Amino acid sequence: MTLLILSISCIVGLFFGSFASVIITRLRSKKPGILNGRSECPACHTRLSPSELIPLISYISSLGKCRTCRTPISSLYPLLEIAVGIAFASMAWVLLSHGVSSIAAWVVLAALTFVTILYAVYDMLYMEVPDEVLVPAMFLLVLLLVVATLLPSWGKDVFWYFPSTSFLSDALLGGLILYSFFYLQILIPWVIYALKRKKYTLFQDILLWYFLFPFTLPRLLSASDTKDEAEELPTWVWAGDLRIALFIGLSLGWYLSLWSLAFTYIFGAVIGSIILSVVRRFGVRIPFWPLLAGGWFLALWLSGTTEYIVRSFVL
């Protein structure tokens, strides 16, 4: 039975991986019709038949080329399909290992996994995080948390990894913690900049930006008067990272959010060391969202282990 569930989860993940590649390419090209547009070859624009849309199998059977113009197909498509398939199966394994059998729990966790992988890959490819999916996903997640708080028995089945049945407050606290942590990494360079330039009125604006971030932060991050001033602001965290921090906090709650943050920086240190050892120079830009996504997955995969560690120290 376990093998059957994992297999079904993997197959569903393959199809969602194919859908993720469509979303990524259309978001980047600003092409309309993400949900209702027909898939086509990007080179010859021939519409793909249903037999050409079967995840992984279509790529293998066509030898990685368009059947019409024989243009090579990007390896992004099969790799993303495999990644989402494995991720969906792994989340099904996490649910089974915790004795969770609710279909709703699998659907919610699969949706969160899909959004996480989608933006990790997009940031990895283009070093930016668009909001077309992330913001609606956070809105729907908040609605689910409200329902879970009103119906705690159902909420406990779906958000089984939350420390209490106060799902909405736990999620908001998680979002606040991560948002504040990453905002400090924007705040500190700007405080240094304000002191150097003796622009003391910026302090009030900086505090207001914490609360009015959705409306003013893009202006904040592009407010440098000259190229020299921009170089004085080594800001590692940007507006997209703050929205992602909110998403992680809301989706994991405060307890696993802290573990996710710890895993992110451990994961980042390992990846950064590997890249530096290979490239052998500083200044290499590393997309941050894949590291956050890695911490997100590790927090869920190792939720049983982290709980055991905490109980061992407490008891």
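Rings of Phe, Tyr and Trp, the last taken by its six-membered ring, form a pair if their centres lie within 6.5 Å. Planes under 30 degrees apart count as stacked, those over 60 as edge-to-face and the rest as tilted. The model discussed here is a predicted one. By this rule, 18 aromatic pairs are counted.

**Aromatic pairs**

In one of these pairs, the ring centres of Phe 16 and Phe 88 are 5.7 Å apart and the planes stand at 40 degrees, so the arrangement is tilted. Phe 16 belongs to helix H1 (residues 2-29) and Phe 88 to helix H3 (residues 76-97), so the pair ties together parts that lie 72 residues apart in sequence. Phe 16 has a relative accessibility of 36% and therefore counts as partly exposed. Phe 88, by contrast, is buried, with a relative accessible area of 2%.

A further pair is made by Trp 160 and Tyr 161: the ring centres are 5.2 Å apart and the planes are at 90 degrees, so this pair is edge-to-face. Trp 160 is buried at 12% relative accessible area, and Tyr 161 is buried at 8%. The two pairs are set out below.

| Pair | Centre distance | Plane angle | Class |
|---|---|---|---|
| Phe 16 and Phe 88 | 5.7 Å | 40 degrees | tilted |
| Trp 160 and Tyr 161 | 5.2 Å | 90 degrees | edge-to-face |

Phe 16 and Phe 88 also belong to one aromatic cluster, together with Phe 19, Trp 106 and Phe 114.

In soluble globular proteins, nonpolar side chains tend to be buried together. In this model, the largest nonpolar core has 70 residues, and those that touch the most other members are Phe 159, Tyr 161, Ile 248 and Trp 296. At least two residues of this core come from each of H1, H3, helix H4 (103-126), helix H5 (134-150), helix H7 (167-197), helix H11 (239-279) and helix H12 (289-301). H4 supplies the largest share, 13 residues.

Leaving aside residues up to four places away in sequence, Phe 159 touches Val 108, Leu 141, Leu 144, Leu 145, Ala 148 and Phe 167.

Thr 113 is located in helix H4 and, at 0% relative accessibility, counts as buried. With residues up to four places away in sequence again left out, Thr 113 touches Ala 87, Phe 88, Met 91, Trp 296 and Phe 297.

**Overall make-up**

The protein has 13 helices and zero strands. Of its 315 residues, 42% count as buried. Among contacts between residues at least 6 apart in sequence, 68% join residues at least 24 apart. The protein exposes about 17,000 Å², of which carbon and sulfur atoms supply 71%.

H5 has 17 residues and reaches 24 Å from its first C-alpha to its last, close to the 24 Å expected at 1.5 Å a residue. Which residues of H5 are buried? They are Leu 134, Ala 137, Met 138, Leu 141, Leu 145 and Ala 148. These residues cover an arc of only 95 degrees around the axis, so they are on the same side of H5. On the other side of H5, Phe 139, Leu 140 and Leu 150 are exposed. Of the buried residues of H5, Phe 159 touches several, including Leu 141, Leu 145 and Ala 148.

Definitions and conventions:
Residues numbered from 1 in each chain as written. Predicted model: local features only at pLDDT ≥ 70, side-chain atom pairs only at ≥ 80, totals over all residues. Heavy atoms only, no water. Helix = DSSP H or I, 4+ residues; strand = E, 2+ residues; numbered from the N terminus. Buried < 20%, exposed > 50% of the residue type's maximum accessible area, 1.4 Å probe, protein only. Core = buried A, V, L, I, M, F, W, Y, C linked by side-chain atoms within 4.5 Å. Contact = heavy atoms within 4.5 Å. Areas by Shrake-Rupley, 256 points an atom, 1.4 Å probe, with all protein chains shown as cover. Expected span 1.5 Å × (residues − 1). Arc of directions from axis to C-beta.
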